[in-house]
Amino acid sequence: MMKRFVVLGLKILGGLLVTLIVLLVSATLVLNSRSFQQKMLTHATELLEEKLQTKVSIDSIHVDFFKFKVGLYGMDVEDREHRQMLKVERLAVNLDCWGMLRDHFKVTYARLEGVKARLYKPEGSEANFQFVVDAFKSDKAKKKQQKTEEKKDTVDTRLTFEVKDAMIGRIDVVFNRDTFYLEKLTYDLHWTGSQEAKITHLSGKMEAMTKKGPQTRSLSIGTTTIVGKDERQQVILDSLHFTIDNHKPRKNANRPKRGFFDAGHVDVIAHAELLLNHLDLKNDTLNFQLTRFVARDSVTGFNVKDLRLRAGISKGIAHVKDITVQQESTVLKFDSATVVLPSKKKGRKFSFQTSTIKGTTELRDIARPFAPVLKNFKMPLELSVVFSGTDSTLTFRDVHVNTPDKLLTIAADGGIDHLKEKEKLNVHFHVKKMIAKGKVKQEIINQFVVKKMMMKQLDNLGTLTYTGDFNVIWKHELFKGVLGSAVGNMAFNFTIDDLNHYITGHIDTKKIHLGKLLGSKDFGDVGLQADFKVDIDKQRTAALRKKTGGKMPYGTVDALVYEVAYKGVKLKELKVDIKSNGGYVEGSVDHLKSLKWGFDFSFTDIDKVSNVKVKPRLKGKLIDLFKKKSSDEDDKTDKKQTKKKQSTDTKATEEPPKKESFFKRLFKKKKKDESAN
């Protein structure tokens with residue numbers, strides 16, 4: 001009996017299972033049927049149109065309940081102005097539903113292709129996509145509240161998410177006047193656990209309005225490759241191209257002495273490689289190593305041959321280590337730097353601080369972007385500096401610059417203020433001590449393509465020392481300090497006015513050996529203070545020099561001479577006025593206590609001051625002294641010329657006595673001795 005009941009039970013259970021399977025298969029066949037899915041598509045489209053209150057169309061949809069595949073083709077969404085806002089050619093997703101039973105959401109296959117979005121946000125009105133945001137905002141808020149309530153009543157179960165194979169292609173987005181395009185993005189998760197992503201031809205073009213006017217900015221990346229496992233990823237950016245165009249002429253247009261660098265005109269091509277060790281967007285942490293970075297702006301000549309560093313970012317602060325920067329002939333290295341990243345939301349302002357930066361450089365590396373006059377400056381320089389700053393200031397501390405042979409050494413501190421305000425920009429440096437020995441002065445000048453003037457006088461100065469300050473304030477360069485040399489010391493300050501093109505200044509010295517400086521025995525020590533003004537405008541000076549046929553500066557000097565020695569005569573308390581018209585220098589000297597006497601002088605070649613012409617305007621004993629000295633010099637000259645003439649005449653009229661031979665002189669002496677005996 002029991003056996004019969006068991007067999008009957010099995011038959012009934014088997015029948016139920018067969019019936020269930022038939023029902024499931026039938027339901028799946030119905031769900032997979034084209035007619036059913038078309039009804040689903042029509043219903044879904046109607047729901048979307050009702051929700052968005054706009055026209056929505058979908059060409060077709062395909063759902064495979066056996067393989068858990070979903071495909072959507074030809075979706076179009078219009079905005080409220082009946083313009084095409086969104087178009088998707090294809091969206092396909094394959095799911096691993098068995099993984100959902102283990103709280104593991106796995107996408108085994110995903111494709112998104114042919115996306116075209118046209119988004120607009122006119123100034124003073126809503127964006128054309130705002131209705132979509134508003135339509136789903138309430139649902140999103142309700143779901144968030146439901147999840148919050150469910151978390152209170154249920155145990156927290158974490159759902160893991162995994163994508164195995166994905167591809168996004170032909171993404172074309174327009175937002176107002178900005179455009180973005182992505183040719184292709186692929187992602188693969190290999191069975192070993194390693195990941196590989198590749199982005200091909202990503203580009204964007206943005207129109208920005210700045211305080212100085214409109215700017216067009218563009219960015220394109222040929223390929224971006226990301227390969228790695230877990231958190232450690234290698235990232236390679238190849239053919240990165242970044243440009244800025246402010247649609248204005250470059251700042252150096254028709255100004256050959258100005259560098260090509262212009263923040264409104266940038267055209268940089270770069271290549272970068274880095275190791276991403278850790279990335280946590282939730283906690284705002286990042287750790288990476290930049291293993292290679294090459295960047296070049298073909299127009300400005302700015303060229304970074306290599307940049308390497310290690311960086312960790314946490315809570316808006318970046319800690320950078322082992323930094324190396326290399327240009328053509330420049331290599332700079334420093335151990336560490338700290339950078340505070342700006343955040344308006346958290347009230348953080350940008351700032352940075354480095355350890356001591358050390359390296360070697362040749363100033364020609366910055367010639368084309370910043371100072372064309374340095375294009376031949378090949379002299380190697382060693383430097384060290386501590387660098388810090390904010391978005392508006394830069395500070396340079398413990399600056400040390402020297403040539404490898406130490407013939408030139410400079411120690412200084414300085415900084416730059418008001419970086420964002422051109423009219424208030426202030427560059428300031430305090431030179432604690434500068435020493436220039438030997439021929440290094442001439443070597444420095446020879447690095448520049450300029451007319452070499454007064455090089456002999458520069459050599460006569462011997463070793464130079466300098467302590468003072470340098471400032472640049474809105475097209476004015478100000479220099480002041482004390483210059484020491486082998487011929488004496490001099491305090492000075494002068495200003496280069498780039499607006500009006502003049503150099504003005506003041507010098508003061510208690511004692512300088514003017515004769516040694518000028519290479520003239522006529523001059524001795526001089527002590528003076530003087531004000532000077534020199535015209536440096538090319539057009540003005542060229543016109544003046546054309547009239548005079550000279551090549552000297554054009555300007556004036558007004559001086560008070562405490563004491564000066566000339567041809568052995570010491571003069572004190574003199575007023576000196578000098579004027580140069582480019583081809584001829586003339587001046588006057590007047591005694592302050594007795595303006596009834598003085599003298600004038602002139603010369604036509606600044607490199608031959610020893611040939612200066614002096615015309616006395618003197619009375620009394622001083623004029624007699626000058627006359628006597630001049631007469632004595634004339635008498636000496638006449639005597640020399642007379643003696644020379646007499647000697648010449650004697651040689652011409654008198655025959656020189658014939659020299660007797662040794663034997664003849666010996667015979668005469670013997671004959672004389674015999675006569676005496």
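Me: In this predicted model, which residue just after H9 takes a positive phi?
Reply: The model is predicted. Helix H9 covers residues 538–548. Just after H9, a positive phi of about 75° is taken by Gly549.

Me: At the start of helix H9, which backbone nitrogen does a side-chain oxygen of Asp537 reach?
Reply: The helix runs over residues 538–548, and Asp537 is placed at its start. A side-chain oxygen of Asp537 comes to within 3.2 Å of a backbone nitrogen, that of Gln539.

Me: Is His265 buried or exposed?
Reply: His265 lies in strand S11, residues 265–280. Its relative accessibility is 12%. Buried means under 20%, so His265 counts as buried.

Me: Which backbone oxygen does the side chain of His265 reach?
Reply: Leaving aside neighbours within four places in sequence, His265 is in contact with Ile244, Asp245, Asn246, Lys248, Pro249, Arg250 and Asp297. The side chain of His265 reaches a backbone oxygen at 2.6 Å, and that oxygen belongs to Lys248.

Me: How does Leu286 count by its relative accessibility, and what is the value?
Reply: Leu286 has its place in strand S12, residues 285–297. Beyond its neighbours within four places in sequence, Leu286 is in contact with Leu276, His278, Leu279, Ala311, Gly312 and Ile313. Leu286 counts as partly exposed because its relative accessibility is 22%.

Me: How many Å apart in space are Leu286 and Ala318, C-alpha to C-alpha?
Reply: In sequence, Leu286 and Ala318 are 32 residues apart. In space, the C-alpha to C-alpha separation of Leu286 and Ala318 is 8.9 Å.

Me: What phi does Arg170 have?
Reply: Arg170 is found in strand S6, residues 165–175, and is partly exposed with a relative accessible area of 33%. Most residues other than glycine have a negative phi. Although it is not a glycine, Arg170 has a positive phi of about 55°.

Me: Where does Ser239 lie?
Reply: Ser239 is not a glycine, yet has a positive phi of about 60°. Its relative accessibility is 40%, so Ser239 counts as partly exposed. Ser239 lies within residues 232–245, which form strand S10.

Me: Which residues have the most contacts inside the largest nonpolar core?
Reply: The largest nonpolar core has 43 residues. Apart from it lies another core, of 28 residues, including Ile323, Ala337, Val385 and Phe396. Inside the largest core, the residues with the most contacts are Val526 and Val561.

Me: Why is the pair of Phe479 and Phe494 stacked?
Reply: There are 10 aromatic pairs. Planes under 30 degrees apart count as stacked. The rings of Phe479 and Phe494 have centres 4.9 Å apart, and the pair is stacked because their planes are at 20°.

Me: Which parts does the pair of Phe479 and Phe494 tie together?
Reply: Phe479 is partly exposed at 24% relative accessibility, and Phe494 is partly exposed at 23%. Phe479 lies in residues 476–485 and Phe494 in residues 488–497, so the pair ties together parts 15 residues apart in sequence, in strands S23 and S24.

Me: Which ring does the charged end of Arg368 sit over?
Reply: Lys533 lies over the face of Tyr502, at 4.4 Å from the ring centre. The charged end of Arg368 is 3.8 Å from the centre of the ring it sits over, that of Phe260.

How values were computed: Residues numbered from 1 in each chain as written. Predicted model: local features only at pLDDT ≥ 70, side-chain atom pairs only at ≥ 80, totals over all residues. Heavy atoms only, no water. Helix = DSSP H or I, 4+ residues; strand = E, 2+ residues; numbered from the N terminus. Buried < 20%, exposed > 50% of the residue type's maximum accessible area, 1.4 Å probe, protein only. Contact = heavy atoms within 4.5 Å. Polar contact = N/O pair within 3.5 Å; in protein donor to acceptor, adjacent residues only side chain to side chain. Core = buried A, V, L, I, M, F, W, Y, C linked by side-chain atoms within 4.5 Å. Phe/Tyr/Trp six-rings, centres within 6.5 Å; stacked < 30°, edge-to-face > 60°. Lys NZ or Arg CZ within 6 Å of the ring centre and 35° of its normal.
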